[in-house]
Amino acid sequence: MEKVRTAGGGGDKVGGDGDGSRHRTQQEEEKEQGQEAIRLSLVKRKKDFKHMERIGGGRWVNVLQGLELHEGVFSAAEQQRIVDCVLDFQDRGRSGLLRERTYSEPKKWMRGKGRVTIQFGCCYNYAKDNNGNLPGIMRDEEVDPMPPILKTMIKRMVAWHVLPPTCVPNSCIINIYDEDDCIPPHIDHHDFVRPFCTVSFLSQCNILFGTHIKVVSPGVFAAPTSIPLPVGSVLVLNGNGADVAKHCVPAVPTKRISITFRKMEDRKLPYRFIPDPELQNLRPLRYPPMPAPVNELVSSRAQPRPASTPLAQAQPASTPPPRAEPREEQSSEGKKWTRDSPFSSEDFPPLGSLSSAGKSQQNKPHRPARR
Ligand SMILES: O=C(O)CCC(=O)C(=O)O
């Protein structure tokens, strides 16, 4: 039986078969904190993107200023759980089990036009619709609230210094791209606060940026510059990268999923929006985290081991964090660490695994991508 954690991350319990529960000991908690500290220290962050463009024929501007790419925030096993949940959301949407505005699957009437979207927190209107509604948040429409797995992702991103605690997302949009689907050039609407971010799954693709992006043909765009988005990476958009440059994803060669998290402007919240108590007062972990001694890092790769002190006793800010070198070790270890990851099976529950008989996703092997 799969191990689950008690609410608040306070302990392991063997769940579901009536054999009782056990709260984690302080030692186990410290071990988890130590492992989280190690994983946090291994996140690879790139914040110096640069592409100069002449704006309005005048001054030169770095149109990528404000972009950040964070790699290693979600392990391979966590990505798999998230993807499984997204595909279950899709099943539910197709079966009419999500609110009408939550799930949208356009008819694939031409190349690049079939992207499925699933919206939580608010209904966003991409283009002026048949009723004359302008692009932006449709305040009188209701969609489903943020599912637990997406809230867990948000908590991770704030705790791990990917998103600032001043800009905790309260809405998100999942894009499911099948082969040839794309997202055309756009700047995210200012009904959403900056920064916002996109997490990538299943396959790597390039995201294109530029003040002018030419639509060459359906799903084919010509842009001045591009950034590869590895699976499991988080791209944070802020500054010029969010507001001066447009961005787009050309027709993808193979299935891809992205989840874009955004905080709504307070004055644009849907009328019936209820703030989620779980997403209030989130705080980043102390950073840089306590560096694990080299021999401990090495042995933790062979067998996960706690670092000697919990995060609360992190080193002062002047101590440089240990870096993940080489990168391959991090990704190859991602799965192993997840066994003791602070992301438990409860944080990433396979949707429906607890409620609907016969739909259990537990211990499920890799789920093939579906159309
Ligand atoms: O799929 C992506 O990486 C980009 C998504 C995006 O631009 C959006 O949802 O507005």
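**Strand β8 and its partner**

I began with strand β8 (residues 116–120), which is joined to β11 by 5 bridges, the two running antiparallel. Strands here are DSSP runs of E of at least two residues and helices are runs of H or I of at least four, numbered from the N terminus. Two strands count as paired if DSSP finds at least two bridges between them. In this pairing I118 stands opposite I174 in β11.

I note that this is a predicted model, in which local features need pLDDT of at least 70 and side-chain atom pairs count only at pLDDT 80 or more, while totals for chains, interfaces and linings use all residues. Residues are numbered from 1 along each chain as its sequence is written.

**The sheet of 8 strands**

I then traced the open sheet to which β8 belongs, and its 8 strands follow the order β3-β6-β18-β13-β20-β11-β8-β7 with antiparallel pairing. The edges are β3 (44–46) and β7 (103–104); each has a single partner strand, so one side of each lacks a neighbour in the sheet. In a regular strand the side chains alternate between the two faces of the sheet.

**Helices on the sheet**

I looked up which helices lie across these strands. Helix α2 (residues 76–94) lies across β7, β8, β11, β13 and β20, at about 85° to β11. Helix α3 (residues 148–159) lies across β8, β11, β13, β18 (234–237) and β20, at about 115° to β13. Contact requires C-beta atoms, placed from the backbone, within 7 Å. Angles run from 0 to 180 degrees between N-to-C directions of axes fitted to C-alpha atoms, for helices over the stretch in contact.

I checked the span of α2: its 19 residues reach 27 Å from first C-alpha to last, close to the 27 Å expected at 1.5 Å a residue. The expected span is 1.5 Å times one less than the number of residues. Its buried residues are E78, Q79, Q80, R81, I82, D84, C85, V86, D88, F89 and G93. A residue is buried if 20 or more other C-beta atoms, placed from the backbone, lie within 10 Å of its own, exposed if 12 or fewer, and partly exposed in between. G96, which follows α2, has a positive phi near 75°.

**Surroundings of the ligand**

I listed the residues around the ligand: I173, N175, I183, D188, T198, S200, I207, H247, V249, S258 and T260. The criterion is a C-beta atom, placed from the backbone, within 6 Å of the molecule. Two or more of these residues come from each of β11 (171–177), β13 (196–201), β19 (246–249) and β20 (256–262). By class, the shell holds 4 nonpolar, 6 polar and 1 charged residue. Nonpolar means Ala, Val, Leu, Ile, Met, Phe, Trp, Tyr, Cys and Pro; charged means Asp, Glu, Lys and Arg; the others, Gly among them, count as polar.

Between β14 and β17 I counted 5 bridges, with N206 standing opposite P228 in β17.

I also examined β15 (residues 214–217) and β16 (residues 220–222), which pair in the antiparallel sense over 3 bridges. V215 has F221 as its bridge partner in β16. The two strands form a hairpin with 2 residues between them, and G219 in the turn has a positive phi of about 80°.

**Backbone exceptions**

Most residues other than glycine have a negative phi, and most peptide bonds are trans. I noted a cis peptide bond from R194 to P195, with omega near -5°; P195 is in the loop between β12 (183–186) and β13. L202, not a glycine, has a positive phi of about 75° and lies in the loop between β13 and β14 (205–210). L202 counts as buried because it has 20 C-beta neighbours inside 10 Å. N281 has a positive phi near 55° and lies in the loop between β20 and α5 (294–302). N281 is exposed, with 8 other C-beta atoms within 10 Å.

**Whole chain**

I recorded 6 helices and 20 strands in the protein chain. Of its 371 residues, 39% count as buried.

Methods. Contact = placed C-beta atoms within 7 Å.
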